[in-house]
Amino acid sequence: MKRSFWVAAGVITVAVIAAIYYYKRDVKAEAPAFTTAEVSRGDVISTVEATGTLEAVTTVQVGSQVSGTISALHADFNSQVKKGQVVAELDSSLFQTQVEQARATVSRLQADFDRTKVQAADADLKLKRAHELFDRQLIPKTDLETAESTARSADAAVKGAEAEIVQAKASLNQAQVNLSHTIIKAPIDGVVIARNVDVGQTVASSLQAPTLFIIARDLTEMQVNASVDESDIGEIAPKQNVRFRVDAYPNETFTGKVKQVRLQPVVQQNVVSYVTVIDVPNRELKLKPGMTAAVRIETARADDVLKAPNAALRFTPASASTTPRPAQANGHGSKPGADKSPAVWVLVQDRPTRVPVQPGISDGRDTAILDGDLTPGAAVLTGTSATTAAAAPATSPLLPFARRGGGAGNRGGGR
């Protein structure tokens with residue numbers, strides 16, 4: 001009877017020990033493993049990203065003020081031109097004819113003017129003689145009045161002829177100006193980036209001047225017109241540093257500075273953006289008008305500061321509600337998990353411990369730490385990763401015939 005009792009007690013004891021063993025093993029297998037990252041020291045740069053197009057700072061469209069046929073071209077794509085240099089000529093025969101006609105009209109009217117002056121002088125002479133005869137009572141008063149009327153008419157004819165000469169000279173000047181416009185000159189020093197006509201092509205300027213050339217003043221100084229989203233435009237200000245890349249040089253970074261934020265909104269598919277003008281040096285002439293630039297505008301910068309990964313500031317352990325909190329300055333502990341102030345978590349004796357910090361600017365990956373009990377190299381928690389313990393033995397190690405790592409074939413020397 002006693003023997004049976006002790007056998008039963010032994011079996012129960014072994015069962016309890018086995019249950020405790022498996023329970024602890026399962027808890028250990030399911031315990032979370034924290035991922036960490038180091039706090040480091042370095043620069044944190046906050047940026048705004050945008051895309052833009054490279055353009056020359058000053059671009060002039062050269063057109064024609066008169067209609068005609070292109071008779072000669074003296075500039076082509078990429079031609080360097082100086083202000084006043086002839087870049088194209090129109091057929092001037094029609095305009096030359098108009099000038100000659102206007103000159104002939106001026107000559108004819110000049111002759112008419114001379115004739116009216118002679119007539120006016122003759123009328124004045126006759127009027128003077130009429131006065132003398134009337135004073136002697138040799139002619140009636142009606143003859144005197146007739147002479148006076150003739151003299152006034154002659155004077156009016158002189159003035160009319162003079163006005164016609166002025167008008168004819170104005171027409172001559174206009175014809176000469178039109179003739180001069182058949183010689184098209186460069187308005188600025190620069191380089192021709194577009195030529196839109198060929199010899200023999202007719203250009204018409206009835207409503208607006210057709211564009212013959214596009215001349216950029218100086219390609220050693222260019223600008224990027226970047227479209228910045230309305231949510232980011234409040235951070236943009238003149239003189240901010242800019243870095244950008246173009247597809248033509250994927251391994252090279254170019255620099256510039258913000259010059260202007262234009263107030264006119266650009267709305268495309270209900271998306272509002274604002275054009276930000278960026279001055280860009282281009283002394284090596286690598287950048288060309290029309291290139292697409294991927295822009296990073298530096299809005300804030302913190303040099304040589306402590307920085308922690310953004311994931312560390314977002315992470316809160318699942319056990320945070322049960323993690324002891326240090327007492328506040330007033331001597332009373334705070335309610336666990338109630339503090340929403342920025343903090344990171346570190347492991348102290350394998351337990352997550354909250355470290356309050358004062359974050360600064362962020363570059364999207366790291367955040368500057370302005371204040372907090374952290375040092376370079378400190379490991380902060382950034383998340384958890386589920387881990388699985390090594391496969392447990394098929395049976396409890398407390399059982400006398402438990403198999404350990406091998407099958408039955410490994411026992412008994414292969415018998």
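Analyst: **Phenylalanine 213 and its surroundings**

Leaving out residues up to four places away in sequence, phenylalanine 213 touches Val60, Gln61, Val62, Leu73, Ala75, Val87, Ala88, Val192, Ala194 and Arg195, where contact means heavy atoms within 4.5 Å. The model is a predicted one, in which local features need pLDDT of at least 70 and side-chain atom pairs count only at pLDDT 80 or more, whereas totals for chains, interfaces and linings use all residues. Residues are numbered from 1 along each chain as its sequence is written, and side-chain values use heavy atoms, with hydrogens and water left out.

Phe213 is also named, with Val81, Val87, Ile184 and Ile215, among the residues with the most contacts inside the largest nonpolar core, which has 39 residues. Such a core is a set of buried Ala, Val, Leu, Ile, Met, Phe, Trp, Tyr and Cys residues joined through side-chain atoms within 4.5 Å; buried means under 20% relative accessible area, exposed over 50%, and partly exposed in between, with a 1.4 Å probe and protein chains only. Two or more residues of this core come from each of strand S6 (86–90), helix H2 (93–135), helix H3 (141–180) and strand S10 (211–216), and H3 gives the most, with 11 residues. Helices (H or I, at least four residues) and strands (E, at least two) are DSSP runs, numbered from the N terminus. Apart from this core lies another, of 21 residues, among them Val224, Val228, Phe254 and Val280.

The sheets can be taken next, beginning with the one that holds S10. Its 4 strands form an open sheet in the order S3-S10-S8-S5, with antiparallel pairing; two strands pair if DSSP finds at least two bridges between them. Strand S3 (59–63) and strand S5 (80–81) stand at the edges, and because each has a single partner strand, one side of each is left without a neighbour in the sheet. S3 and S10 are joined by 5 bridges in the antiparallel sense, with valine 60 opposite isoleucine 215 of S10. S6 belongs to an open sheet of 4 strands in the order S7-S6-S4-S9, where the pairing is again antiparallel. In that sheet the edges are strand S7 (183–185) and strand S9 (202–203), each of which pairs on one side only. Strand S4 (residues 68–73) runs antiparallel to S9 and is joined to S9 by 2 bridges, with threonine 202 of S9 as the bridge partner of threonine 69.

The helices complete this account of the core. H2 has 43 residues, which at 1.5 Å a residue should span 63 Å, and its end C-alpha atoms are 63 Å apart, in agreement; the expected span is 1.5 Å times one less than the number of residues. Its buried residues are Phe95, Val99, Ala102, Val106, Leu109, Phe113, Thr116, Ala120, Ala123, Leu127 and Ala130, and what covers them includes H3. Just after H2, glutamine 137 adopts a positive phi of about 60°. Most residues other than glycine have a negative phi.
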